[in-house]
Amino acid sequence: MRKARSRARRRLSGLDPLSWSIFAVLVVSLFFKRLVDAWGTVTARDCDEQHIAFIGPTPAFDGPMEWLLVIGLAGAALLLVQALDNLLTRDVRPSFWMLWLVNLALAGALVWAFLIAWAFFNPSAGAARPVFQFSASLAPQQHYGTPIRVAEQEYASEGDWIWDEATRSWTNEPLGLIRRIEPVRTCEPAEMRRAQLALIYGEHMPDGRPIAGLDERELTKARPGYTLYDLNGNYLVTLGEPYVQRSTLTRQRDAAYDADKAAMSPEEAERRYFEWVRDEYLTPRPEPRQPPPRLSRKEIDQIVAESWGDERPSWYEKE
């Protein structure tokens, strides 16, 4: 009797507390998923550590996307039980089934969000192929999967910084520093990126380049930057913004710094370098003085004559 009265009140009010509760939980979970996207992209120390922020550091369920999968599957199971119960009781209210379909779509979105993240970080797994192929059918031009062409830039000497093409570095003997151009940050491993592209495009990129022959620097999106060494070639410090400072390559170089062999500390190297930058580019320099104009004798006579009110060019000469 109590269950029947509850169903009668629900029909009269048109509200289904369970359906609306499921709806609220799924919407909040999708909002949390967007926070995970932003947080995992921004807070990861480097591109190759983003999988930890999404999937977790171990195969166990310890990543936020995996818990969103659990919520999505639990919501879908609860919706199936709810639908079966309503079919048995022959509850055919359109409002219920409309909300039920919305909830099922939200639960499916959570499950699909996990599958995309999992397939992205595990492209070699067999189950990743259908996920990538379906994604490619919806969005053929996936910019995250298109490698950037690597272009070699030409460099030259700058004052005391003498450029050496063989080592691709500048040497500044007065400062006691060598400045090199080296990769300071990379993203996913090359083979992982190659497997992703193969799942999306097949054997060739949209521009015709074979995926198997893509350069490793293109696949890892290697970013060049400045590193400082002493004149004996001992590493000192890497220059750049915070993303470069905490990249995997920078942390490996910093860990290999040997204070016993290096000619100076990283702080001293940075001080010398940025002092040179300040003196070279930030300190205003006085404008060079222009030499006075050279006038002929006739022009000088004319100026003097006009100043004294005499228009004759040779006013001082005797007539």
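Q: Among contacts between residues at least 6 apart in sequence, what share joins residues at least 24 apart?
A: In this chain 61% of them do, with contact meaning heavy atoms within 4.5 Å. Keep in mind that this is a predicted model, where local features need pLDDT of at least 70, side-chain atom pairs count only at pLDDT 80 or more, and totals for chains, interfaces and linings use all residues. Residues are numbered from 1 along each chain as its sequence is written, and side-chain values use heavy atoms, with hydrogens and water left out.

Q: OK, how many helices and strands does the chain have?
A: Twelve helices and five strands. Both are DSSP runs numbered from the N terminus: helices are H or I with at least four residues, strands are E with at least two.

Q: And what fraction of the chain is buried?
A: 36% of the 319 residues. Buried is under 20% relative accessible area, exposed is over 50%, and partly exposed is in between, using a 1.4 Å probe and protein chains only.

Q: Let's do helix packing. How do H2 and H4 sit against each other?
A: H2 covers residues 17-43 and H4 covers 64-88; their axes come within 11 Å and cross at roughly 160 degrees. The pair therefore counts as roughly antiparallel. For axes, lines are fitted to C-alpha atoms, for helices over the stretch in contact, and angles run from 0 to 180 degrees between N-to-C directions. Under 35 degrees is roughly parallel, over 145 roughly antiparallel, 65 to 115 roughly perpendicular, and the rest oblique.

Q: Which residues make that contact between H2 and H4?
A: On the H2 side they include Leu18, Ile22, Val25, Phe32 and Lys33, and on the H4 side Pro64, Met65, Leu68 and Gln82 are among them. By class, the contact of H2 with H4 has twelve nonpolar, three polar and one charged. Nonpolar here is Ala, Val, Leu, Ile, Met, Phe, Trp, Tyr, Cys and Pro; charged is Asp, Glu, Lys and Arg; the others, Gly among them, are polar.

Q: How about H6 and H7, what's their angle?
A: About 60 degrees, with the axes of H6 (residues 128-138) and H7 8 Å apart. That makes H6 oblique to H7. H6 contributes Ala128, Arg129, Phe132, Gln133 and Ala136, while H7 contributes Gln196, Leu199 and Ile200.

Q: Handedness of the H6 and H7 crossing: left-handed or right-handed?
A: Right-handed for H6 and H7, whereas H2 passes H4 in a left-handed crossing. Left-handed means the near helix is turned anticlockwise from the far one by less than a right angle, and right-handed means clockwise.

Q: Back to glutamine 196, is it buried or exposed?
A: Glutamine 196 counts as buried because its relative accessibility is 1%. It lies in H7, residues 190-201. Not counting residues up to four places away in sequence, glutamine 196 touches Phe120, Pro123 and Phe132.

Q: New topic, the sheet. What's the strand order?
A: E1-E2-E3-E4-E5, an open sheet with antiparallel pairing. Two strands pair if DSSP finds at least two bridges between them. The edges are E1 (162-164) and E5 (235-238), each pairing on one side only. On average, neighbouring strands are turned by 35 degrees against each other, direction ignored.

Q: How many bridges hold E3 and E4 together?
A: Eight, in the antiparallel sense. E4 and E5 form a hairpin with four residues between them, and glycine 233 in the turn has a positive phi of about 85 degrees.

Q: Which residue stands opposite isoleucine 162 in E2?
A: Threonine 171. Isoleucine 162 counts as partly exposed because its relative accessibility is 47%. In the loop between E1 and E2 you'll find arginine 168, a residue other than glycine with a positive phi, near 50 degrees.

Q: Last one: where does H10 lie?
A: H10 (residues 248-255) lies across E3 (177-185), E4 (223-230) and E5, at about 135 degrees to E3. Its buried residues are Thr248, Thr250 and Arg253, and their cover includes E3, E4, E5 and helix H9 (242-245).
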